[in-house]
Amino acid sequence: MTDEFSRPPVAPVPVLRLGDVLLVTLQGDLHDSTAEQLQQDITERIGSSGATGVVIDISGIEIVDSFLGRVLAEIAAKAGLLAARTVVAGMRPAVAITLVEMGLTLPGLRTALNTEAALHLLGDPARSGSAVPRPGRR
Amino acid sequence: MEAAAGVDARLPIRSDLDLVWVRQHVRQAAARLGFGLVEQTKLVTAASELARNTLVYGGGGQLTTTRVAHGRAQGLRLAFSDRGPGIADLEQALRDGYTSGDGLGMGLGGARRLVHQFAIDSTPGVGTTVTVTSWAGRPPRPGHPREEW
């Protein structure tokens, strides 16, 4: 029988590639070190794959505290420096209410209601507010 | 007058794995007391902020959870205590954007806005205890006749 304590402390979050987009689905209660590892993994994957978009699906996340909020904002900032746009998808309404009441509005973060809408946003530069055409894209 | 129903649980806060247990425990306790989803989310988020403060700034400590009743209202009280360096300037620590670590500086001030009652007791060199209480539904008004739990 396995108990909770026998789990490895840090199980990495898989980063999937869909065309030019990296897709990450967060589930359950995220360990701080898992979140920090994810930040590094995504940044390195953008560098090695040349992905131009990142979608982070947080519909399975019950709470976003200031730590996870900072991690999401930093992923978006680092991806931005590597010429990739980040969309956070599927935030639960209770999480949105809590973040705003806490005073954490994360203004730099682009969001979509679900993963499909996020992919749509990334697939159409005109809709995502990106004024500069990306080199190598039609 | 509030009636405390006794200490329910004491949880250690020694590692970031403990933060996961704290969040799970607080969510389950709040759900059992009839907290709605938004209220649960706010209280668990506040608990996560405060437990992380206990770990990062207090060098670890513990959470004590207590069910409280005031009239027919039921609430959950969470006390985060450490024997760390304490906070010399409480007003500064509660201000948004202030951080002595690498966070967003939303921890204490943010947590305070997510709960119904917030108290902080800190003595430099001795430690810090932050106590928060939230109620299922409307917080009770002072002076409400006491009922036993």
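This is a predicted model: local features need pLDDT of at least 70, side-chain atom pairs count only at pLDDT 80 or more; totals for chains, interfaces and linings use all residues.
User: Happy to. How do I read burial, and what percentage of chain A is buried?

Analyst: Burial is a neighbour count: a residue is buried if 20 or more other C-beta atoms lie within 10 Å of its own, exposed if 12 or fewer, and partly exposed in between, with C-beta atoms placed from the backbone. In chain A, buried residues make up 36% of the 138 residues.

User: Let's take one helix. What is the span of helix 1 of chain A?

Analyst: The expected span of a helix is 1.5 Å times one less than its number of residues. Helix 1 of chain A has 18 residues and reaches 26 Å from first C-alpha to last, close to the 26 Å expected. After this helix comes Gly50(A), with a positive phi near 70°.

User: Which residues of helix 1 of chain A are buried?

Analyst: The general idea first: an α-helix has 3.6 residues a turn, so residues three or four places apart point the same way. Here the buried residues are Asp32(A), Ala35(A), Leu38(A), Ile42(A), Arg45(A) and Ile46(A). They cover an arc of only 155° around the axis, which puts them on the same side of helix 1 of chain A; the arc is that of the directions from the helix axis to the C-beta atoms. On the other side of this helix, Gln40(A), Gly47(A) and Ser48(A) are exposed.

User: And what covers the buried residues of helix 1 of chain A?

Analyst: For this we need contacts: two residues are in contact if their C-beta atoms, placed from the backbone, lie within 7 Å. The cover includes strand 1 (15-18), strand 2 (21-27), strand 3 (53-60) and helix 2 of chain A, together with helix 1 (16-32) of chain B.

User: At what angle do helix 1 and helix 2 of chain A pack?

Analyst: Axes are lines fitted to C-alpha atoms, for helices over the stretch in contact, and angles run from 0 to 180 degrees between N-to-C directions. Angles under 35 degrees count as roughly parallel, over 145 as roughly antiparallel, 65 to 115 as roughly perpendicular and the rest as oblique. Helix 1 (residues 32-49) and helix 2 (residues 66-81) of chain A pack at about 10°, with axes 10 Å apart, and are therefore roughly parallel to each other. Among the residues that meet are Ala35(A), Ile42(A) and Ile46(A) from helix 1 of chain A, and Phe67(A), Val71(A) and Ile75(A) from helix 2 of chain A. By class, this contact has eight nonpolar, two polar and four charged residues. Ala, Val, Leu, Ile, Met, Phe, Trp, Tyr, Cys and Pro count as nonpolar, Asp, Glu, Lys and Arg as charged, and the others, Gly among them, as polar.

User: Where in chain A does Ala83(A) lie?

Analyst: Ala83(A) sits in the loop between helix 2 and strand 4 (85-89) of chain A. Although not a glycine, Ala83(A) has a positive phi of about 65°. With 13 other C-beta atoms within 10 Å, Ala83(A) is partly exposed. Leu106(A), likewise not a glycine, has a positive phi near 45° and lies in the loop between helix 3 (93-102) and strand 5 (110-112) of chain A.

User: Now the partner. How many residues of chain B are in contact with chain A?

Analyst: 24 residues of chain B are in contact with 20 residues of chain A. Helix 1, helix 2 (37-56) and helix 4 (107-114) of chain B each supply at least two residues of the side that touches chain A. Helix 2 of chain B gives the largest share, nine residues. By class, this side of chain B has nine nonpolar, eight polar and seven charged residues.

User: In what order do the elements of chain B run?

Analyst: From the N terminus on, they run β-α-α-β-β-α-α-β-β. Of the 149 residues in chain B, 41% are buried.

Key:
Residues are numbered from 1 along each chain as its sequence is written. Chains are lettered from A and ligands numbered from 1 in the order in which they are written. Helices (H or I, at least four residues) and strands (E, at least two) are DSSP runs, numbered from the N terminus.
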